[in-house]
Amino acid sequence: MEILFATSNKNKVQEAAEALKPKGITVKHLLFGHNEIRSDSLEDIAREAVQAAYKKCKKPVFVEDSGLFIGSLNGFPGTYSAWALGKLGLSGILRLLQDMPDRSARFEACIAYHDGSKVSAFEGVCKGSIAIEPRGSSGFGYDPIFVPEGYSQTFAENITLKNKLSHRYISLLEFSKSFVSGS
Ligand code: IMP
């Protein structure tokens with residue numbers, strides 16, 4: 001089967017296509033730019049965005065909202081991750097963590113799927129920590145500074161690892177299960 005993924009981020013589309021292909025699902029990109037609502041909840045943001053995407057395409061469609069939540073910064077940048085990266089860059093984020101003993105962080109993702117009549121949400125979390133300096137060149141966003149729990153390489157140094165562990169992969173796996181069970 002084929003499902004539309006409404007996003008402006010091509011990296012997300014590639015990750016979704018790779019994760020869902022083994023499940024027999026083909027991901028088709030719907031180029032979609034949208035002014036997200038402001039909220040501390042990824043799910044609220046995703047649910048609102050998928051309504052807008054559905055209005056545009058009038059076909060079953062999903063969106064995904066994600067962010068990096070840093071423990072010692074009380075969850076910042078969280079749902080403001082794209083904005084914070086644009087304003088501060090990786091170096092600015094690393095400066096905020098200078099001399100902080102706790103570098104724990106987690107990525108979270110929430111998929112919202114509009115099937116034509118209702119919206120369902122699927123979440124994924126990946127725990128890890130923030131590296132001392134950026135390492136690696138694969139992936140996007142915060143990948144060069146995120147080290148998943150139990151490993152020493154950043155996502156940007158080991159994209160194969162990212163594609164097996166990431167918050168996005170986990171949310172996509174949950175999403176794919178909803179088709180198998182027919183719910
Ligand atoms: P969104 O497009 O509103 O979901 O913004 C999410 C932002 O969080 C992205 O622009 C990235 O900065 C960051 N982010 C989300 N997922 C990832 C990831 O898998 N790797 C690195 N950064 C990510």
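We start at the ligand and then move on to some backbone spots.

Before clicking, note that this is a predicted model: local features need pLDDT of at least 70, side-chain atom pairs count only at pLDDT 80 or more, and totals for chains, interfaces and linings use all residues. Numbering starts from 1 along each chain as its sequence is written, and side-chain values use heavy atoms, with hydrogens and water left out.

**Stop 1: polar contacts.** Now show distances for pairs of N or O atoms within 3.5 Å.

- D143: a polar side-chain atom is 2.7 Å from a ligand nitrogen.
- R168: an N or O atom of the side chain lies 2.8 Å from a nitrogen of the ligand.
- H167: a polar side-chain atom sits 3.2 Å from a ligand nitrogen.

How much of the ligand's accessible area does the protein cover? On its own the ligand has 480 Å², and the protein covers 89% of that (Shrake-Rupley method, 1.4 Å probe).

Next, colour by secondary structure, with DSSP runs numbered from the N terminus (helices are H or I, at least four residues; strands are E, at least two).

**Stop 2: a cis peptide.** Zoom to F76 and P77, which are joined by a cis peptide bond with omega about 0°. P77 belongs to strand 4 (residues 77–78).

**Stop 3: positive phi.** Select K58, in the loop between helix 2 (42–57) and strand 3. Its phi is near 55°, a positive value in a residue other than glycine. Buried or exposed? K58 is exposed, at 59% relative accessible area (exposed is over 50%, buried under 20%, partly exposed in between; 1.4 Å probe, protein chains only).

Finish at N74, in the loop between strand 3 and strand 4. This non-glycine residue has a positive phi near 55°, and N74 counts as exposed at 78% relative accessibility.

Definitions and conventions: A polar contact is a pair of N or O atoms within 3.5 Å; within protein, one must be able to donate a hydrogen and the other to accept it, and residues adjacent in sequence count only if both atoms are side-chain atoms.
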